[in-house]
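Look at the structure, then read on.

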Amino acid sequence: MTYELTIEPIGQTIEVEDDQTILDAALRAGIWLPHACCHGLCATCKVIVTDGEVDHGEASSFALMDFERDEGKTLACCARLMSDVTIEAEIDEEPDAESIPVRDFPGTVSRIETLTPTIKGIFVELDEAIHFQAGQYVNVDIPSLGISRAFSLANAPSTGREIELNIRIVPGGVGTTYLHEQLKVGDRIKISGPYGRFFVRKSANSASIFMAGGSGLSSPRSMILDLLEEGSTLPITLVYGQRTRNELYYHDEFVALAEKHPNFTYVPALSDEPADSDWTGFRGYVHDAAKAHFDNDFRNNKAYLCGPPVMIDACITTLMQGRLFENDIYTEKFFSAADAQQVRSPLFKRV
């Protein structure tokens, strides 16, 4: 059975399968709706149902409160249609955004590399190359567990059919545990995508600051490689943080890129490196490293932040104290069930 979904204010109507979420149907039709976590936790995909009935699915009571449900609001990533439905969504015009319909891409695991004690690089040779914007992510299907998990693409779009995913094992996380401990080279796997609106606003023609923590390096790496491949001469700065030196992956690659490209600056930061080690770089957190490097003046930049919510919030505060504000800050948070209890700043629309 299918229902019709009309999306306002664009006035477009699409067909939705009875087991399909509003968000999935829209993205596969090439219609972008704001979203982030895709698990009913962050409320980024909240829309208003103006006509018809929906099943709210697994939307958390934190992200979609009871009074909001009574007001006709729902989360597009969880909601399924129970009739023909009309919704109202906030769809911002983005001059740099490509409209790329979400598709399924089967492939074969071609390589698995240990990047850090907790992060593996999983490479997948797709049967057909995926077109995406640097900074976007894909969902990895794990049929044996009946789940899918989202991971950012760490390679540049020019790579071809082989994609790279940097996956950190989450303690107690069934999805990442499976991918770390059971997935093997030669296994068949399916991804869907691309998802997200985390990409470089190239038309702004401005300097870029990338601030990342942990496996949040994936998207910035893709974006930086893409910019350098295109021959950008604008200033590009990467401030990347981990706890210790053995967790600082792709360090040598970024050092080499900084030596090769005069417009690229690499600022690594370690927050928990032993005091007696030979580390000569910055000791502390990403936001502190950025503040020191830029002397607390971030004006005339576009900032792209990717990592855990706590890191993102600290970086936003630092950037705003250094006179960079909402219109020049773009974020991609990593959400887990534990993050559902963290309050999101009302000033920012998460990408």
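Q: Are Tyr249 and Tyr250 buried or exposed?
A: This is a predicted model, where local features need pLDDT of at least 70, side-chain atom pairs count only at pLDDT 80 or more, and totals for chains, interfaces and linings use all residues. Residues are numbered from 1 along each chain as its sequence is written, and side-chain values use heavy atoms, without hydrogens and water. Buried means under 20% relative accessible area, exposed over 50%, partly exposed in between (1.4 Å probe, protein chains only). Tyr249 and Tyr250 are both buried.

Q: Why is the pair of Tyr249 and Tyr250 called tilted?
A: Rings of Phe, Tyr and Trp (its six-membered ring) pair if their centres lie within 6.5 Å; planes under 30 degrees apart count as stacked, over 60 as edge-to-face and the rest as tilted. The centres of Tyr249 and Tyr250 are 5.4 Å apart. Their planes meet at 50°, so the pair is tilted.

Q: What is the angle between the planes of Phe294 and Phe298?
A: Both residues, Phe294 and Phe298, are buried. They form a tilted aromatic pair, 5.3 Å centre to centre. The angle between the planes is 45°.

Q: How many aromatic pairs does the structure hold?
A: Ring pairs link Phe198, Phe210, Tyr304 and Tyr330 into a cluster. The structure's count of aromatic pairs is nine.
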